[in-house]
Amino acid sequence: MLKEISQNYQSVSLESLAKKTNYNRSYLGTLFKNETGSPFSKALTDQRLLSAYGLLCSSNLSISSILIQVGISNRTFFYNKFKEKFHLTPNEVRIQMTRKR
């Protein structure tokens, strides 16, 4: 499941994995948490945030474009989670990367 998240983070969901593996969605969520110590949604969000960070550092894409590319639809959610994870806003990351170039 971790491989699926890392390869298909834009569109993967617990529901799609359940259908793909013929397991019950709830069982799969519980299994994931028991094996990784983290809920599926957190692992997926973390992967999306890491990918967004990489795009912020390596491209000139707008933040809106990056959100679409990584599969996040709520801009406020993205900003809050990004700041929580990296202790910087996406704009601050962009500014830091511009200074390093």
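## Aromatic cluster and helix contacts in a predicted model

With a relative accessibility of 1%, Phe 78 counts as buried, where buried stands for under 20% relative accessible area, exposed for over 50% and partly exposed for what lies in between, using a 1.4 Å probe and protein chains only. This is a predicted model, in which local features need pLDDT of at least 70 and side-chain atom pairs count only at pLDDT 80 or more, while totals for chains, interfaces and linings use all residues. Residues are numbered from 1 along each chain as its sequence is written, and side-chain values use heavy atoms, with hydrogens and water left out.

**The aromatic rings**

A pair of aromatic rings is described by the distance of the centres and the angle of the planes. Here rings of Phe, Tyr and Trp (its six-membered ring) pair if their centres lie within 6.5 Å, and planes under 30 degrees apart count as stacked, over 60 as edge-to-face and the rest as tilted. By this rule there are 7 aromatic pairs. One of them joins Phe 78 and Tyr 79, and the pair is edge-to-face because the ring centres are 5.8 Å apart and the planes stand at 80°. Phe 82 and Phe 86 form a tilted pair, since their centres are 4.7 Å apart and their planes are at 50°. These two residues are 4 residues apart in helix α6, so about one helical turn separates Phe 82 and Phe 86; helices are DSSP runs (H or I, at least four residues), as strands are (E, at least two), numbered from the N terminus. Ring pairs link Tyr 53, Phe 78, Tyr 79, Phe 82 and Phe 86 into a cluster. The table gives the accessibility of some residues described in this report.

| Residue | Relative accessible area | Class |
|---|---|---|
| Tyr 79 | 22% | partly exposed |
| Phe 82 | 0% | buried |
| Phe 86 | 19% | buried |
| Leu 50 | 47% | partly exposed |

**Around Phe 86**

Lys 85 lies over the face of Phe 86, at 5.9 Å from the ring centre, a charge being over a ring if NZ of Lys or CZ of Arg is within 6 Å of the ring centre and within 35 degrees of the ring normal. Leu 50, which is placed in helix α4 (residues 40-58), touches both Lys 85 and Phe 86, not counting residues up to four places away in sequence; contact means heavy atoms within 4.5 Å. Although Leu 50 and Phe 86 are 36 residues apart in sequence, their C-alpha atoms are 9.4 Å apart in space.

**Helices α6 and α7**

Helix α6 (residues 75-86) packs with helix α7 (residues 90-100) at an angle of about 60°, and their axes are 9 Å apart. Axes are lines fitted to C-alpha atoms, for helices over the stretch in contact, and angles run from 0 to 180 degrees between N-to-C directions. That angle makes α6 oblique to α7, as angles under 35 degrees count as roughly parallel, over 145 as roughly antiparallel, 65 to 115 as roughly perpendicular and the rest as oblique. In this contact, Phe 78, Tyr 79 and Phe 82 of α6 meet Pro 90, Asn 91 and Val 93 of α7.

**Two loop residues**

Most residues other than glycine have a negative phi. His 87, in the loop between α6 and α7, has a positive phi near 60° and counts as exposed at 64% relative accessibility. Asn 22, in the loop between α2 (14-21) and α3 (25-36), likewise has a positive phi near 60°, and with 70% relative accessibility Asn 22 is exposed.
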